[in-house]
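Hi,

Here is the model I promised to pass on.

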Amino acid sequence: MNLPETLDTNERLNLLVRAGVLLLENGAATYRVDETLKALGRALELGDIEVFTTPTGFTLQAGGSSCPLTRVHRITHVGVDMNRLAAVNNLSREALSKALTPEQIADHLSQIEQQRSIYPAWLLAAGVSISCGAFGMLMGGGWTEFVAGVLGALAAMLIRLRLRRTLVLPLMVTVVTAFVATAVSRISCHALHCTSPDLASVAAVLQLVPGVPMVTSVLDLATGDILSGVTRGAYAALMAVGIALGMLLFLVWGLR
Amino acid sequence: MMSVLLLYLREFGLGFVATLGFGMLFNVPRRTLIACCVTGAVGRTVRLAAVDLGASIEGGSYIGALAVATAGYFLARFYKVPRTIFTVTGVIPMIPGVPAFSTMLEFAAGNIDAGLVNAVKTMLIGGALAMGLTTVRVLTQVQGRSGSMA
């Protein structure tokens, strides 16, 4: 196979870095990052790639031992975007099967980088709050708990969407959001005369549960990426503590 | 008999709705959103059935997670997307929210004993969910990775 040599090895390696950033910033498990980058590396004719991936950064080396080229990249922003993960996954498969040129791969990557959320903010807020209300009923609550859970979750979601752009530390966002969710759901419960206000406040904060870090942590541990698994588990535990802290701030010192 | 059926339908419906918001929150591709919701609903319903048949809540959670992971395996092949899209959204409705909340309340109130009881319960249910997902993952891992420990 003879690719037109328009992008040199350095530029092609940079494409791999962009793919790695897309995967790690959006919640991919470690083995998926490794496998996807290796597949893309083959498609880009970079030869055998060595990748060392952790949740907070990755090292990438191409060119074998004779003339190695290395990239080190830190990951500072962590979020969840399954749509982007699916897109990068798809790209790595198509790059091999359809023999995409490096330029085409670069175009695809730019496209994925520019993808916005599928669900507009209002729909997201509505969907998440109704889900939280449904949780209240699943845990044994009635319709009053449903309504209080929805209101608490809605207030929390609006605050959260706002804070995500201003506050840098995810832990702070979690604490503040959990506080708001607890406060609003408790006050609504008071107004609606709920029989179990606890259920409503648990339901309202459930949206903050770090589901993706928890599951990828387990996946990493199961696939032998112990370092990543422990790191992600610690992150998930930290977020859980943040939720507890936010709730307690209201329950202990707020209106009881 | 009717009331039992209604109970299962309620669990399925609420599980479906409960997963919906998380699917949106994780920005799953639109064509997979309904499948995610069904996965979450199936997990809850299977767990309810297991508990009704005499399983503990921890054992039921394991079986529920097995169902979610199996569904995730087939759905991922069908839609050609990463499996985590279905497994992450699918296990979320089974998260032990109430025991976790009680743990926090009891510890905050100084009741260490009751806090520990709830903490262990939370971890057992969480661990059962993790084990359920891992079991299916290990059984369906076709090609092993060179140099990995698993």
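Between chain A and chain B the count of salt bridges is zero, taking a salt bridge as a side-chain nitrogen of Lys or Arg within 4 Å of a carboxyl oxygen of Asp or Glu. Polar contacts do turn up: 10 residue pairs across the interface, both residues at pLDDT 80 or more. A polar contact here is a pair of N or O atoms within 3.5 Å; within protein, one has to be able to donate a hydrogen and the other to accept it, and residues adjacent in sequence count only if both atoms are side-chain atoms.

Before going on, the ground rules: this is a predicted model, where local features need pLDDT of at least 70 and side-chain atom pairs pLDDT 80 or more, while totals for chains, interfaces and linings use all residues. Residues are numbered from 1 along each chain as its sequence is written, chains are lettered from A and ligands numbered from 1 in the order written, and side-chain values use heavy atoms, leaving out hydrogens and water.

Back to the interface. Chain A puts 53 residues into the contact and chain B 45 (contact: heavy atoms within 4.5 Å). The two chains bury about 4,200 Å² between them, 72% of it on carbon and sulfur atoms; buried area is the accessible area (1.4 Å probe) that two parts lose on being put together, summed over both. On the chain A side, A:Met82, A:Tyr119 and A:Leu138 lose the most area to chain B, together 17% of what that side buries.

S1(A), residues 50-54, runs antiparallel to S2(A), residues 57-62, with five bridges; strands pair if DSSP finds at least two bridges between them. A two-residue hairpin joins S1(A) to S2(A), and A:Thr53 has A:Phe58 as its bridge partner. S2(A) is also antiparallel to S3(A), residues 69-74, through six bridges, with A:Gly57 opposite A:Arg74.

Finally, two non-glycine residues with positive phi. A:His193 is near 55° and sits in the loop between H7 and H8 of chain A. B:Asn27 is at about 55°, in the loop between H1 and H2 of chain B. Buried or exposed? A:His193 is exposed at 66% relative accessible area, whereas B:Asn27 is buried at 4% (buried is under 20%, exposed over 50%, partly exposed in between; 1.4 Å probe, protein chains only).

Cheers

Terms used: Helices (H or I, at least four residues) and strands (E, at least two) are DSSP runs, numbered from the N terminus.
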